[in-house]
Amino acid sequence: MKYVLMFVETEQYAAELEAMAPDDRDRAYALVGRWMDEHADKIREHRKLMPAHTATTVRLDRATPVVTDGPFVEGKEVVSGFVEVDVADLDEALGMARSWPGCPTVEIRPLES
Amino acid sequence: MTDPARDELARAVREHAGRLAAVLVRLIGDFATAEDLVQDAVLTALQRWPVEGVPDRPDAWLFTVARNRGLDLLRREGNHRAKLAQLQWPVRTEPDDRLRLIVTCCHPALPRAAQVALTLRVVCGLTTAQIARAFLVPESTVAQRITRAKRKIADAAIPYRLPADEDLTSRIGEVRTVIYLLLNEGYLATADHAHSHRLVEDAAWLAALLHELVPDDPETAGLLALVRLHRARTGARFTSEGRIVVLADQDRSQWDQTAIAEATALLARAAGRRAPGPYQLQAAIVACHAEAADWASTDWEQIVLLYDMLLHLAPSPVVRLHRGIALRYTKGPRAALAEVDTIADDLEGHHLLHATRAELLRALGDARAAEAADERALALTANPAERTLLQERLHWT
């Protein structure tokens, strides 16, 4: 069963990361790197997105497409990256998400087969 | 149908439907299909047993109906049908089957309301209509919750297996939460609201089942003791007109002393494992009341101490409110009011906060503020028995 784990960042988390001393930030990244290594056999792909200020949204539900600056949900939480995993079931995906050492929220979605 | 006959029927269904569901899910390997078959069999039983009587072997009867119905329904789904066709009575049950079933129904990836509905339907064999009546919500709402939950189980691949030990502990915690919700929901029912009354029975039955499945778990034993201690006082909690009798005024000779003794013994055994938790502490608090010969001899010092421990383990404004109520009898109404007022903002929408403040203000001689608090409490409760209680208090004063 394939799932995408979407990593969701909050403004507060991004600010905390920003404010960290370089050594601490390196340590935080190293934890994420170790998590990736530990689960390497289940991870099919992993991507980090550029920050939310680079996002552009196109809305097609009106007469002409409307292009706006920013992510599609206006809020304090934005998707900052994702991994695609291949695991037995939701419990295994949940186990991975529970041990994620990065941003404070992870959404798990099954991929359509 | 008479009440005893209806209870007998409910018992027979509850005892066997969940077992059958557990077996069928394992054998067919598809939660939703197995669940549908059991629900069909239950509905058939509810139509026929009142007329024909409960069969000698209700389990075999339900099995046969579910199997035949399945062979009929699944004509186009060869895979499931083949597995079902091989099934013969008596089917072998594995001890873990029911635990697996119950932790699947209470999977944390399902919304709480769906966990409750699924558990009642799949594990206790309640029909969608019965669940809807118990919670005073439209049948379509319950049906939708169950359909969505089953779809999520299938689409998101929520597994039907026992989690590893370290996860099993938290999954059993989810089950306890569901049982506790049923207890709470059923607890305030009035005597004439027979369906809610059954929810306490369902909670008691589920707690006993869970305790049987994980006998060494002290919190599950604590929950079972808690349910049984509440149930032991049922007869004294309402007047014949369905009005609430407050604890201080209850006729304690109507309490079931045998049940109280059994529950406190169960609790003492759990406490022997030296792993205290919120359910054991809550049960211990109820036990303090249950063991007091009368209101005046209640051991309030002990109760405040237990609330302190509970606040330490599971801090919440509601626990602090209850500690405040107990504090009145050890330190007096002024100290109690000061405690209660610390959480007034958190519990602004909670009727018990205002009802408690009203009592304390009245004890302190501030009749006007007490009346305002009572009115606020009245506006906030939907439970008919509680409304009556609060209304009466408004009229007395």
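1. A:Cys103 is buried, at a relative accessible area of 6%. Here buried means under 20% relative accessible area, exposed over 50%, and partly exposed in between, computed with a 1.4 Å probe on protein chains only. B:Cys124 is in no disulfide, and the nearest cysteine sulfur, that of B:Cys105, lies 9.3 Å away. B:Cys124 is also buried, with a relative accessible area of 1%. Over all chains the count of disulfides is zero, a disulfide being a pair of cysteine sulfur atoms within 2.5 Å.

2. On the basis of these values: this is a predicted model, in which local features need pLDDT of at least 70 and side-chain atom pairs count only at pLDDT 80 or more, while totals for chains, interfaces and linings use all residues. Residues are numbered from 1 along each chain as its sequence is written, chains are lettered from A and ligands numbered from 1 in the order in which they are written, and side-chain values use heavy atoms, with hydrogens and water left out.

3. Chain A holds three helices and six strands. These are DSSP runs numbered from the N terminus, helices being H or I of at least four residues and strands E of at least two. Read from the N terminus, the order of elements in chain A is β-α-α-β-β-β-β-α-β. The C-alpha trace of chain A spans about 50 × 45 × 20 Å along its principal axes. Chain A has 113 residues, of which 31% count as buried.

4. Strand pairing in chain A. Strand E1 (residues 2–10) of chain A and strand E5 (residues 77–86) of chain A run antiparallel and are joined by nine bridges; two strands pair if DSSP finds at least two bridges between them. Within this pairing, A:Val8 has A:Val79 in E5(A) as its bridge partner. Strand E2 (residues 43–48) of chain A is also antiparallel to E5(A), with five bridges. There, A:His46 is bridged to A:Val83 of E5(A).

5. Which share of the contacts in chain A with a separation of 6 or more comes from residues 24 or more positions apart? The share is 75%, where contact means heavy atoms within 4.5 Å.

6. For chain B, the domain assignment gives domain 1 (1–93) and domain 2 (99–214); such bounds come from an automatic or database assignment. The centres of domain 1 of chain B and domain 2 of chain B, taken over C-alpha atoms, are 19 Å apart. Domain 1 of chain B puts 19 residues into the contact and domain 2 of chain B puts in 22 residues.

7. Between them, domain 1 of chain B and domain 2 of chain B bury about 1700 Å², with 61% of it on carbon and sulfur atoms. Buried area is the accessible area (1.4 Å probe) that two parts lose on being put together, summed over both. B:Arg14, B:Phe31 and B:Glu35 supply 42% of the area that domain 1 of chain B buries against domain 2 of chain B, more than any other three residues.

8. How many salt bridges cross the interface of domain 1 of chain B and domain 2 of chain B? The rule finds four, a salt bridge being a side-chain nitrogen of Lys or Arg within 4 Å of a carboxyl oxygen of Asp or Glu. B:Arg14 also forms a salt bridge with B:Asp202, their closest N and O atoms being 2.8 Å apart.

9. Between the chains, ten residues of chain B contact nine residues of chain A. The area buried between chain B and chain A is about 720 Å², and carbon and sulfur atoms give 52% of it. On the chain B side, B:Ala156, B:Ala157 and B:Arg161 lose the most area to chain A, together 44% of what that side buries. Two salt bridges are counted between chain B and chain A. A:Asp91 forms a salt bridge with B:Arg171, at 3.2 Å between the closest N and O atoms.
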